[in-house]
Amino acid sequence: MFKIGEFSKLVRVSARMLRYYEQNGLLMPAQIDRFTGYRLYSAAQMPLLLRITALRDMGFGVDEIKALLPQYDNPAAMQAALNSKRLQLQSAIAAEQDKLEKIAAMCGTLEKESTTMVYEVQLKSLPAEQVLSLREVVPTPQDEPILWEKLAAFVQTQGIKAPPVGYSIYHDDGYKETDADIEIAVNVSAAGKSEGNFQFKMLPAIAQCATVQFAGPYTGFNEAFTKLANWIESNGYEMAAGPLRGKAIRSYANAASEADFLTELQVPVAKK
């Protein structure tokens, strides 16, 4: 038998962690001296401790380890647990990578003047327009490009002539991080035959719409929306019923680079 300090040296796990594993029911001392209260461990416990530390190093928490230890010799159960943990870690890595990219973008913004140019807000009356649209609920707002790929494929296979200008229309009452109701549309000269979610329709007119254009990458959305919000408040307007639109005047379809993009935001408004 080994005292906790001795066992700690042999297994290269701190006495503090051994006590922590004991408190959580993962590894109990082989014996506790009834006179001194010393915790004593056996060499026979080393394989169990090695399993605990292996699972810990793969990212499993105490509760997960406790549930897995009885299944350790069951290949199917362990494979399922490892696959699940791998997916969790991949998702966490992707989220952290996204944070790194945002940090890099912010650093770039701080180091040099922004390439986005936001123009003055204009109050417009927008006419109805003939469009081909595709409306679906997508997993996240960032999945909107999937809709554009689908629409481009339909336009190509149907031989439809459509200008590169397109609309993104956001139908949810508020911003949704998941299950976003998004419609995209391109202008067409005449209505054709609708198929499934691909619909030839009239894009409704908007009696009053606050609009602002910005040139440059889509990261300029935030600055442009800020300008719109300030204009709406300071001029005695409020947002009216109807979806918010983004009009891609120059985008991937007809611009050499993101620096050449031109986007117009369109928000229905009414006088208070």
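Author: Rings of Phe, Tyr and Trp (for Trp, the six-membered ring) are taken as a pair if their centres lie within 6.5 Å, and a pair counts as stacked with planes under 30 degrees apart, as edge-to-face over 60 and as tilted for the rest. By that rule, ring pairs link Phe214, Tyr218, Phe221, Phe225, Tyr252 and Phe261 into a cluster. This is a predicted model, in which local features need pLDDT of at least 70 and side-chain atom pairs count only at pLDDT 80 or more, while totals for chains, interfaces and linings use all residues. Residues are numbered from 1 along each chain as its sequence is written, and side-chain values use heavy atoms, with hydrogens and water left out.

As for confidence, pLDDT is the predictor's own confidence in each residue, from 0 to 100; the protein has a mean of 90, and 97% of its residues reach 70 or more. Helices (H or I, at least four residues) and strands (E, at least two) are DSSP runs numbered from the N terminus, and among these elements confidence is lowest in helix H5 (residues 75-111), with a mean of 85, and highest in strand E6 (residues 129-138), with 96.

The structure holds 10 aromatic pairs. One of them joins Tyr218 to Phe261 in a tilted arrangement, 5.1 Å centre to centre with 40° between the planes. This pair links distant parts of the chain, since Tyr218 belongs to the loop between strand E10 (206-215) and helix H7 (221-234), whereas Phe261 belongs to the loop between strand E12 (244-250) and strand E13 (262-271), 43 residues apart. Phe261 also pairs with Tyr252, and because the ring centres are 4.9 Å apart and the planes stand at 80°, this pair is edge-to-face.

Burial is judged by relative accessible area (buried under 20%, exposed over 50%, partly exposed in between, with a 1.4 Å probe and protein chains only). Phe261 has 1% relative accessibility and therefore counts as buried. Tyr218, at 29%, counts as partly exposed, and Tyr252, at 59%, counts as exposed.

Rings also meet charged side chains, where a charge sits over a ring if NZ of Lys or CZ of Arg is within 6 Å of the ring centre and within 35 degrees of the ring normal. Lys85 lies over the face of Phe60, 5.0 Å from the ring centre, and Arg245 lies over the face of Tyr167, at 5.9 Å.
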